[in-house]
Amino acid sequence: MYKPNSLTNSAAKITFASITMLLLAGCPFDDDDDNDTDVIEMPMPEPPAEYSYQIEVTNLTNGQPMSPVAVVLHGDEQLWQVGMSSTNALEILAEGGDNSSFTSQEQVLAAASGDDILMPGNSTTISITTTDEMANHISIATMLVNTNDAFSGLTGLDLSSMAVDSSFSRNIGTYDAGTEANTEASGTIPGPADGGTGYSDVRDDIDVVAMHAGVVTADDGLSSSVLNQAHRFDNPTIRLTITRTK
Amino acid sequence: MKKMNSIAKLTLLSTLSIGALASTAHAQDLEITVTNLTQGIYFTPLAVSAHTSEISMFTLGQAASPELQAMAEGGDISGLVSLLSNADADVAENPAAGLLAPANSTTFELTNSDGNDYLSLTAMMLPTNDGFVGLNSWMIPEEAGTYTAFLNAYDAGTEANNELVTEGSGAPGVLGIPAAPGGMAGTGGTGVTTEESNQTIHIHRGNLGDDNATGGLSDANNTVHRWLNPVAKITIVVK
């Protein structure tokens with residue numbers, strides 16, 4: 001019976017054998033001028049090392065649910081900076097709580113997201129793994145959803161010297177993306193206090209990132225605000241515990 | 001942990017000596033200074049302790065213990081001090097001998113015995129419903145030197161922040177602010193809220209206050225009884 005496969009296989013075998021011979025001839029590791037066995041028994045390359053981290057986030061506010069927490073690994077860079085304009089990806093996260101652009105932006109080498117809204121007093125744990133040695137800096141971001149464009153998080157934290165099983169905690173303050181005026185007006189806040197519009201590509205604020213001054217609220221004299229005293233917050237707004245697990 | 005140290009029991013009233021009695025080769029002498037950084041908020045008696053990693057005075061995102069609630073709502077630290085002493089912690093009870101006024105400091109000594117490597121502190125903030133200043137399990141360095149930390153204001157999550165000064169409301173579960181030292185508070189407010197949406201220990205959102213001394217929502221004064229974090233500074237000299 002005609003077996004086309006066996007022909008193919010033999011051809012492949014022959015090709016494989018010649019490649020091996022070529023490798024032998026030019027192998028840079030064959031430096032003891034011994035023979036073929038050294039090379040034939042040369043170990044397969046080890047699988048790339050895995051770097052895994054667990055990030056526990058606690059919402060420390062009284063009345064600010066937080067959008068699904070974005071966790072990304074990348075090289076040595078900042079994904080935002082006080083005094084610099086927000087990226088569109090950050091604007092989309094900070095105005096509407098949608099982290100899909102943030103987690104897929106160009107610099108990102110590995111990404112993970114919390115499953116759901118993180119309510120005040122609650123904690124969530126997010127795992128992230130990479131084999132990319134360059135992915136040794138972390139950024140974390142989440143929107144305070146009862147605001148115009150407030151977010152909490154950190155960016156460009158160097159994890160390269162973290163030992164496996166070590167962990168540390170940080171209290172984190174609140175940024176203003178600077179892309180939407182803090183009107184607190186009806187229709188401008190995506191969280192449950194309003195149910196208004198999240199992201200809009202209009203930039204009607206100072207267009208640089210700064211620390212957030214907090215919300216004013218109607219109870220404190222901003223009569224056009226849909227927010228009340230329960231939505232006020234002070235820093236820190238989240239607590240992070242980062243553990244390297246692998 | 002459950003074993004009551006009888007020596008500690010006997011010396012509860014002079015808590016500073018507990019550390020000395022229970023001390024081992026690894027005991028450290030600490031000189032601690034606490035500064036109230038606020039402009040118009042008073043701290044009730046401080047409860048300061050060095051303890052093991054097994055216990056903590058409070059945990060963010062967790063409900064307050066009844067003992068922490070008694071401290072945060074009424075400034076009563078006796079329950080916390082008992083808990084800590086029963087856990088063989090070294091305790092400095094009320095080192096400022098009463099209220100620590102705005103912009104004032106107190107300095108005291110604490111010797112931590114072997115294994116009590118974590119320092120914590122709580123004190124109620126007045127006038128608030130259940131606000132407190134806290135240091136949570138700060139690891140005491142082995143190396144001699146001077147260390148500082150800045151402390152935040154927490155909300156125990158056990159009482160709605162109605163911001164009404166009401167006599168007798170320091171008892172756990174009685175709504176209101178028990179006192180407003182320093183005067184400057186109003187009367188006759190109708191109440192800021194009857195709800196506490198986050199019933200775990202969290203960062204305090206601050207007093208709302210108002211500018212109406214005989215009415216309005218709040219009895220707190222919005223030009224006096226506000227703050228931003230940090231509300232206290234602690235300096236620890238490890239000798």
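This is a predicted model: local features need pLDDT of at least 70, side-chain atom pairs count only at pLDDT 80 or more; totals for chains, interfaces and linings use all residues.
1. What share of the contacts in chain A with a separation of 6 or more comes from residues 24 or more positions apart? The figure is 77%, where contact means heavy atoms within 4.5 Å.

2. Residues are numbered from 1 along each chain as its sequence is written, chains are lettered from A and ligands numbered from 1 in the order written, and side-chain values use heavy atoms, with hydrogens and water left out.

3. Chain A has 4 helices and 10 strands (DSSP runs: H or I of at least four residues for helices, E of at least two for strands, numbered from the N terminus). Their order from the N terminus is α-α-β-β-α-α-β-β-β-β-β-β-β-β.

4. Of the 246 residues in chain A, 43% are buried (under 20% relative accessible area, 1.4 Å probe, protein chains only). The chain exposes about 12300 Å², by the Shrake-Rupley method with a 1.4 Å probe. Carbon and sulfur atoms supply 53% of that area.

5. The largest nonpolar core has 30 residues (buried Ala, Val, Leu, Ile, Met, Phe, Trp, Tyr and Cys joined through side-chain atoms within 4.5 Å). B:Ile32, B:Val48, B:Leu119, B:Leu121, B:Val133 and B:Ile234 touch the most other members. Elements of chain B that give it two or more residues include β1 (28-36), β6 (118-126) and β10 (232-238). Another core, apart from this one, has 29 residues, among them A:Tyr53, A:Val69, A:Leu159 and A:Leu240.

6. B:Ile234 deserves a look. Its contacts include B:Ile32, B:Leu119, B:Leu121, B:Tyr147 and B:Leu151, not counting residues up to four places away in sequence.

7. The largest pocket has a volume of about 740 Å³. A pocket here is an open set of points on a 1 Å grid over the protein atoms alone, where a 1.4 Å probe fits, with protein on both sides within 12 Å along at least five of seven lines; lining residues have an atom within 4 Å of a point. The lining has 27 residues, with A:Asn171, A:Arg239, B:Leu60, B:Asn136 and B:Tyr154 nearest the centre. Both chains contribute: β1 (51-59), β7 (167-172) and β10 (238-244) of chain A, and β7 (131-139) and β8 (145-155) of chain B, each supply at least two lining residues.

How values were computed
Grid points are joined across faces, edges and corners, and a volume is the space filled by probe spheres set on the points. Buried means under 20% relative accessible area, exposed over 50%, partly exposed in between (1.4 Å probe, protein chains only).
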